[in-house]
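Biologist: I'd like to get to know this structure piece by piece. Could you walk me through it?

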Amino acid sequence: MIEIDGLTKYFGDHLVLDRINLSVARHEVVCLIGASGSGKSTLLRCINRLVEPDWGEIRLDGVPITDASFGKTGLQRRVGIVFQSYNLFPHMTVLDNITLAPRKVQRMNRAKAREKALEMLALFGMERFAKAYPEQLSGGQQQRVAVVRALAGAPDVLLLDEITAALDPELVGEVMTVIRGLKEQGLTMVIVTHEMGFARDLADRVCFLDDGRIAEDAPPAQLFGTPEHPRTQQFLQRLLDGGRL
Amino acid sequence: MIPEPPKTPPPPPRRRGFDWHTALVPGLISAASIILVFGVLGWMVANNQNWPRIQLQFFNVEHMIAAAPRVVRGFAINMQVWLIAMVSIGVWALLLAVIRSLRGPWFAPFRLMVVLYIDLFRGLPALLLVILFGFGIPALRIPGLPNSGLFWGGFAMVLSYSAYVCEIYRSGIDAVHEGQRAAAHALGLTEWQVMIYAILPQALRNVLPSLMNIVVALQKDVALLSVIGVRDAVREAQIYTAGTFNYSSLVVAALLFLLATIPMARLADWITKRDRARRLQVAG
């Protein structure tokens, strides 16, 4: 479904992504792990072109989306993203946050958008917060709203950018439950995470990024059990020593 | 050795009843101090040998009453110009700020135009613009254009003030977190939609206190139009002075301005304070 070929990105002279090749099948969940600065988030943001790559190609269902001629707006409708810092619009209610894109991008009428949004909120046990403003919610609740907002456009792919990193440990679980539910429904997801439990639990494949390259790409059991690449071993050993694995 | 902790938590500290002493004494001292300082200053003014002349020239009640009707009439013009200019500046400057903040190479010439506009009109004295437009354009006698000095003077005020207000708006737009823009783009909104639905509402909330200050400043600066013959409060007062050689009419105008600007300034303070409280609440 997603095919990435030779994707390369510089920030100034710094090589952030170095000839990345990666493909994600429909219904597959791929986790990107690696140290800070290894390029995980940049790779993720290239997939919906919040970051423009310098070289290489990304194809979505065979269509090259990195061509300059490809309309970003259409792409961003098909690829949803959830950010580490939620980025909900603080001046809008939860309901308005969720219905904004359906109403303005897909031209759905207000009543229908509202109905769908309430339905989705109910699915995540959040319908009673429809009228609340983001700042009145806990971090975990805000992040769940952000997930609903990203799903409201019915995207084919959902990108998650360290969505639990800003949450208190006891709130991580509620967000993970939501994501697990989405996996069961067969949603294609690419997930950047520092939460190894998350990766082990949810991923069909885990990619370890090191210095802008994919050093290792394997099913979680294999990558966490018998990592092959010395950098992967080093990374996991450090996590183990830090008590985070 | 650590002492044994008590079995039950200690009772809450006893609340003190209302204490007249602590409540009143500082207030009384302040009042006494104020009366003393202002009393001495007032006594010094009143006993100055020039005071009767000053009183006669500036605070002559008869002249004040005589001049009041025309000055008040003039002040109504100030208020009208102020209201119209305020709305025009608010809209025009917002448009400029939005254009300046649009990204994308196609908008480059428009961004450049706004930059030049701001450099030009922020760099020129408002007084010069008022004279240039207020006298200059009616003198051209171009058919189809209004030839009232009032219109073109007001127009000049709008041009000048918009340059400042545009920069205020822009600082508000820049202060909106980059993540908000990214989130809005990621939802598939176009550049304009991102601006209108995600960025601007937050930006306006950011800059409301600064805008209130500009509103107060504008209220006074409308008096600049008096130099091109617009019969506003200042002009009317001057006309009265010219006939009587008494300046009390100008004091009447001054009082009217204070009457209008002080409540506005208080309102601005109140909005700033409320805004600050709200932010702190969010941060906590």
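Predicted model: local features only at pLDDT ≥ 70, side-chain atom pairs only at ≥ 80, totals over all residues.

Modeller: Residues are numbered from 1 along each chain as its sequence is written, with chains lettered from A and ligands numbered from 1 in the order in which they are written.

Biologist: Which order do the six strands of the open sheet in chain A take?

Modeller: Let's sort out the words: strands (E, at least two residues) and helices (H or I, at least four) are DSSP runs, numbered from the N terminus. Two strands pair if DSSP finds at least two bridges between them. In this sheet the pairing is mixed, and strands E6 (79–82) and E10 (213–218) of chain A are the edges, each pairing on one side only. Reading across, the order is E6-E7-E8-E3-E9-E10.

Biologist: How many of the residues of strand E3 in chain A are buried?

Modeller: "Buried" means that 20 or more other C-beta atoms lie within 10 Å of a residue's own (12 or fewer is exposed, in between is partly exposed, and C-beta atoms are placed from the backbone). E3(A) has A:Val29, A:Cys31 and A:Ile33 buried on one side, and A:Val30, A:Leu32 and A:Gly34 buried on the other. So, by that cut-off, the strand is mostly covered, and the count is six of its six residues.

Biologist: Which residue stands opposite A:Gly34 in E9(A)?

Modeller: E3(A) pairs in the parallel sense with strand E8 (residues 188–192) of chain A over four bridges, and there A:Leu32 stands opposite A:Val192. Five bridges join E3(A) to E9(A), and these two run parallel. In E9(A), the residue opposite A:Gly34 is A:Leu209.

Biologist: And which residue in E10(A) does A:Asp210 stand opposite?

Modeller: Strand E9 (residues 205–210) of chain A is joined to E10(A) by five bridges, and the two run antiparallel. Across from A:Asp210 you'll find A:Arg213.

Biologist: There's another open sheet, with four strands. What is the bridge partner of A:Thr8 in E4(A)?

Modeller: That sheet has the order E2-E1-E4-E5 in chain A, with antiparallel pairing. Its edge strands are E2 (14–24) and E5 (63–64). Strand E1 (residues 2–11) is joined to strand E4 (residues 55–60) by five bridges. The partner of A:Thr8 is A:Trp55.

Biologist: On to helices. Are H3(A) and H5(A) roughly parallel or roughly antiparallel to each other?

Modeller: Axes are lines fitted to C-alpha atoms, for helices over the stretch in contact, and angles run from 0 to 180 degrees between N-to-C directions. Helix H3 (residues 94–104) and helix H5 (residues 139–151) of chain A have axes that come within 8 Å and cross at roughly 25 degrees. Angles under 35 degrees count as roughly parallel, over 145 as roughly antiparallel, 65 to 115 as roughly perpendicular and the rest as oblique. That's why H3(A) and H5(A) are roughly parallel.

Biologist: How does H3(A) lie relative to H4(A)?

Modeller: Helix H4 covers residues 110–123 of chain A, and the axes of H3(A) and H4 come within 9 Å. They cross at roughly 125 degrees. That makes H3(A), relative to H4(A), oblique.

Biologist: Which helix of chain B do the buried residues of H3(A) pack against?

Modeller: Those buried residues include A:Val94, A:Ile98 and A:Leu100. Residues are in contact if their C-beta atoms, placed from the backbone, lie within 7 Å. Within chain A, they pack against H4 and H5. From chain B, the helix is H8.

Biologist: How many residues of chain A are in contact with chain B?

Modeller: On the chain B side, helix H7 (178–186) and helix H8 (191–221) each supply at least two residues. Chain B brings 17 residues in all, and the number from chain A is 18.

Biologist: Last one: is A:Asp161 buried or exposed?

Modeller: A:Asp161 lies in strand E7 (residues 157–161) of chain A. Beyond neighbours within four places in sequence, its contacts include A:Ser41, A:Phe83 and A:Val192. Because A:Asp161 has 22 C-beta neighbours inside 10 Å, it counts as buried.

Methods
Contact = placed C-beta atoms within 7 Å.
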